[in-house]
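Let us walk through this structure together, one region at a time. Please keep the sequence and the 3D view open as you read.

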Amino acid sequence: MSDYKRNSKILIGYLGGSENIVTVTNCMTRLRVTVKDESLTDEDKIKEADDVIGLVHDRAGSYEIVVGPGKSRKYADQFREFGFSSNPGNDEVPDWKSNKEKLKSLQKGGRIKNGLKLLGDIFVPLIPGVITAGLCAGFAALIAQAIPDYDNSKVWSVIYDILTLVNYSFMTYMTAWAGYRAAERFGATPIMGGMLGMITSLSGIDDIAKLLGLYNDDHPLNSILRDGKGGVLAVIMGVFLLSVLEKKIRSRMPESVDIIFTPLLSLLICAVPYILIIMPLFGFISNGIVWVFTELCLSESVIIRCISGYLSAACFLPLVATGMHHGLVALYSVQLEAMGHITLYPSLAMAGAGQVGAAIAIWFKARKVGNKKLCSVISGALPAGFLGIGEPLIYGVTLPLGKPFIAAGLGAGFGGALVMAMQVASTTWGPSGILAVFVMTAGPLGPVKSALFYVLGLIVSYVCSFIITNLIYKEKDLIADCPTVHHGDPITLGEVSSPLFAPVDGRLIKMEDIPDPAFSDGTMGECVGILPDSGMVYAPCDGTVAVVAETKHAVFIETGDGRNILIHAGIDTVKLNGKGFNVPVGVGDTVKKGDLILEMDLDIVCKSGLSPMIITAEST
């Protein structure tokens, strides 16, 4: 059980102390901390702290501490108990100087990365609402599909209406929520940002457009100006302008009337260029983005859809690893506003499934070589991975190992190609993995078929990533830090005074890391394991062959001084019943150190899913 209070105090110290911490927030898997002075932080110790899976230093002064689902909120709550705020300065007038320094610090990173991260900062707090609204829309769609006459039933009709209301409560006013959050991010008064966002969706915009000749009565959607034009992209730019105006006005406004006139003047002055310039401009930009989606994700050519789906799913993981993936939510919202569903997100959701398939492949390999720690990490992270929370697997498994991270992306691409080829569409973004089944209910396929093809895409991603990982990543890569030995090299079993000699060439595995409790806990005596480079096994000492297993996978040698030495070829290889083994010696034969005593076919053992580890033990 995690000690959140104790661990939080330790993390505060590693972050440079309480005086160095500016803000603390969280998303589903990460504790997001902003600090004043990066030189006071100790990134290495943060990475080694309890519960910490990974660390992302995505821009100046900003750290994302990956602790996994559930824990991120508990750590954030604990930090708040210590007095740290998620939005300092918003109780009163925002700290404009502090905000200015934060905005300047963004310039220290790449502009594209910082721009995407900025969008992420705005949208991440909205994700719970996005998920709730999308799930309700998905359930409503399933009811309409499964019960066509639901409106004739009071019970089902009420349930459907409630689900629809919850969905509309977010979708109708999404621009308002985005405006409120953008104002927090840019340092404007949040409620004024929300008001500007709400203006975007009100029908009064149509009245203004008609007066100015900017409204197309025959084709309202083609109007230069109409309600909702530009969507959240326009709102974000408008709120940025609002924040600039508010700062300038407040700097000149007498304090006695600041609370009255600064918000009023800021919003009124901003509203004119916002409605007449920003909304039409970003309307054209939004139309361009939707056009790209249409040409790629909804192309009449299945080949183009497959290529688009593969590339989007395969390339998504690097964005997740660098914390930039949240910046894509603006694209989701544009498509959702324009089309009523999202075709890009289902493909990107396959990336998490790729992590699962790659991690399962690594688990089997780690188990073979006795890497218990890695097996434990994967076992703990896999449930979250199946549910669509990929960060624990990324930072704890695939990314540190390198090749599996690439394999996960390559495998996920096949699932992405499938779901985009079949035009699977979602009612929202946010949940992925198995949890997303109920939001993959939009698009031309209909709710049930769309959800089924999404599940099939997950399975394809699991399987392909598993296969590719097995092809490009070998067991020996997991034991790179283990010493290499050659047969004939001296090896020591525990505290015994007389050394033995390595029976094979390979990597030396400590007793406690042997993936068989009978050996690792000392039941069979002191021992070591060697992951062999070949199947030729030689005598580790002089002596007499005392026992040869009927299944030919083990040989006992009795030495002249009364020691009983066991050479055991493979873990659980008794199941092969002698297949793949040959023993050229018999009971009573005298052997010398270095004599060939056993041959094991590594291909047969490995293809059977068993570990070929050679164990040398002194039986008690």
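**A guided walk through the fold**

Let us begin with Glu 64, which is buried at a relative accessible area of 1%. Here buried means under 20% relative accessible area, exposed means over 50%, and partly exposed lies in between, with a 1.4 Å probe and protein chains only. This is a predicted model, in which local features need pLDDT of at least 70 and side-chain atom pairs count only at pLDDT 80 or more, while totals for chains, interfaces and linings use all residues. Residues are numbered from 1 along each chain as its sequence is written, and side-chain values use heavy atoms, with hydrogens and water left out.

What does Glu 64 form a salt bridge with? The partner is Arg 32, and the closest N and O atoms are 2.8 Å apart. A salt bridge here is a side-chain nitrogen of Lys or Arg within 4 Å of a carboxyl oxygen of Asp or Glu. Glu 64 sits in strand β4 (residues 62-66) and Arg 32 in strand β2 (residues 30-35), so the pair links distant parts of the chain, 32 residues apart. Strands (E, at least two residues) and helices (H or I, at least four) are DSSP runs, numbered from the N terminus. Arg 32 counts as buried too, at 9% relative accessibility.

Side chains of opposite charge can pair when their charged atoms come close. A search of the whole structure finds 7 salt bridges. Another of them joins the side chains of Glu 246 and Arg 250, at 3.1 Å from N to O. These two residues are 4 apart in helix α11 (residues 231-252), so about one helical turn separates them. Glu 246 is buried at 0% relative accessibility, and Arg 250 is buried at 13%.

Now look at Lys 510 and Glu 512, whose side chains meet in a salt bridge with an N to O distance of 3.9 Å. Lys 510 is exposed, with a relative accessible area of 52%, whereas Glu 512 is partly exposed at 43%. Elsewhere, salt bridges that share partners join Glu 246, Arg 250 and Asp 258 into one network.

Let us step back to the whole chain. Its secondary structure comes to 23 helices and 17 strands. Of its 620 residues, 51% count as buried. Among contacts (heavy atoms within 4.5 Å) between residues at least 6 apart in sequence, 70% join residues at least 24 apart. The accessible surface is about 27800 Å², and 61% of that belongs to carbon and sulfur atoms; such areas come from the Shrake-Rupley method with a 1.4 Å probe, and for residues only the protein chains shown count as cover.

Next comes the interior. A nonpolar core is a set of buried Ala, Val, Leu, Ile, Met, Phe, Trp, Tyr and Cys residues joined through side-chain atoms within 4.5 Å. The largest one has 91 residues, and those with the most contacts inside it are Tyr 274, Tyr 332, Trp 429 and Tyr 454. Helix α17 (residues 350-369) gives the largest share of this core, 9 residues. Leaving aside residues up to four places away in sequence, Tyr 274 touches several residues, including Leu 196, Ala 234, Met 279 and Pro 280. A second, separate core of 29 residues includes Val 537, Ala 539, Val 583 and Met 600.

Two loop residues are worth a visit. Where does Thr 573 lie? Thr 573 is in the loop between β13 (564-569) and β14 (581-582), and is buried with a relative accessible area of 0%. Beyond residues up to four places away in sequence, Thr 573 touches His 553, His 568, Phe 581, Val 605, Leu 610 and Ser 611.

Leu 493 lies in the loop between β6 (490-491) and β7 (500-501), and is also buried, at 0%. Its C-alpha atom is 7.4 Å from that of Glu 618, although the two residues are 125 apart along the chain. Among the residues that Leu 493 touches are Leu 500, Cys 527, Thr 616 and Glu 618, with residues up to four places away in sequence not counted.

Ile 259, Ile 260, Phe 261, Leu 264, Leu 265, Leu 268 and Ile 269 make a nonpolar surface patch of about 670 Å². Patches are made of residues with over 30% relative accessible area and no salt bridge, where like charges are joined within 9 Å and nonpolar side chains (Val, Leu, Ile, Met, Phe, Trp, Tyr) within 5 Å. Ile 260 has its place in helix α12 (residues 258-297).
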